[in-house]
Amino acid sequence: MPSYEGAFSANSSSVGEEAGSKEIVLAIETCPFPECQKKCGRFQELERHIYERHLPPHLYCEQPGCNLTSSRFYLLKSHRADNHPGVPMPGQHAITIYDAKVLAKQVRTKEIGIEQAVHEACSLFEEKAKQMGKLGIWRNGLQLEAS
């Protein structure tokens, strides 16, 4: 696993500008992952970027015989409509491998380091894969997403 030491040197900046009597504030946050310079105007966008691009998939299709994992709900929903028509979509909890949103927030707020977040996400992903009997199948997704 690559070392992410010193990854939080990325900048976050604010710019204030008077517009009449209202102040407009623009906050830019840069992704803390090394080699990634993605800039986001809102913290929610940065968190979504982190769990969609830098952590292993956190959603899965729970249909028997299906091996899809994803980090994007809309892709899972589209997959379900195309491959499992007529089967109702379960609640978010029923299709969640681990809580990627919490880890992404902790990375963004520097509560935990990148290496710790990636390690925890990978561990939770593998634990769920073992539980579902899909470790060998899902592991390919883990390597693709986390690298």
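Analyst: Gladly! Let's begin with a pair of atoms: the backbone nitrogen of Arg72 lies 3.0 Å from a polar atom of the side chain of Ser70.

User: What makes the pair of Arg72 and Ser70 a polar contact?

Analyst: A polar contact is a pair of N or O atoms within 3.5 Å; within protein, one atom must be able to donate a hydrogen and the other to accept it, and residues adjacent in sequence count only if both atoms are side-chain atoms. The distance here is 3.0 Å, so the pair falls within the 3.5 Å limit. Before going on, please note that this is a predicted model, in which local features need pLDDT of at least 70, side-chain atom pairs count only at pLDDT 80 or more, and totals for chains, interfaces and linings use all residues. Residues are numbered from 1 along each chain as its sequence is written, and side-chain values use heavy atoms, with hydrogens and water left out.

User: Why is Ser70 called buried?

Analyst: Buried means under 20% relative accessible area, exposed means over 50%, and partly exposed is in between (1.4 Å probe, protein chains only). Ser70 has a relative accessible area of 7%, which is under 20%, so it counts as buried. Ser70 sits in strand S5, residues 69-70. A strand is a DSSP run of E with at least two residues, a helix is a run of H or I with at least four, and both are numbered from the N terminus.

User: Which residues does Ser70 touch?

Analyst: Leaving out residues up to four places away in sequence, Ser70 touches Pro57, His58, Leu59 and Leu75. Contact means heavy atoms within 4.5 Å.

User: How do you know whether His119 is buried, exposed or partly exposed?

Analyst: The relative accessible area of His119 is 48%. His119 belongs to helix H4.

User: And why do Ala104 and Ile50 count as buried?

Analyst: Ala104, in helix H3, has a relative accessible area of 0%. Ile50, in helix H1, is also at 0%. Both values are under the limit, so both residues count as buried. Ala104 touches Ile50, along with Glu47, Tyr51 and Leu55. Among the contacts of Ile50 are Phe33, Leu55 and Val107.

User: What makes a group of residues a nonpolar core?

Analyst: A nonpolar core is a set of buried Ala, Val, Leu, Ile, Met, Phe, Trp, Tyr and Cys residues joined through side-chain atoms within 4.5 Å. The largest one here has 25 residues, and Phe33, Ile50, Leu55, Tyr98 and Val107 touch the most other members. Helices H1 (43-53), H3 (100-108), H4 (114-132) and H5 (135-146) are the elements that give two or more residues to this core. H4 supplies the largest share, seven residues. Another core, of five residues, lies apart from it and has Leu59, Cys61, Cys66 and Ile95 among its members.

User: Which residues of helix H2 are buried, and which are exposed?

Analyst: In H2 (residues 73-83), Leu76, His79 and Arg80 are buried. They cover an arc of only 100 degrees around the axis, and therefore lie on the same side of H2; the arc is that of the directions from the helix axis to the C-beta atoms. An α-helix has 3.6 residues a turn, so residues three or four places apart point the same way. Tyr74, Lys77, Ala81 and Asp82, on the other side of H2, are exposed. Strand S4 (59-60) is included in what covers the buried residues of H2.

User: How confident is the predictor in the protein chain?

Analyst: pLDDT is the predictor's confidence in each residue, from 0 to 100. The chain has a mean pLDDT of 81, and 76% of its residues reach 70 or more. Confidence is lowest in strand S1 (residues 12-19), at a mean of 43, and highest in H3, at 96. Over residues 1-19 the pLDDT stays under 50, and over residues 143-147 it is below 50 too.

User: How many helices and strands does the protein chain have, and what share of its residues is buried?

Analyst: The chain has five helices and five strands. Of its 147 residues, 38% count as buried.
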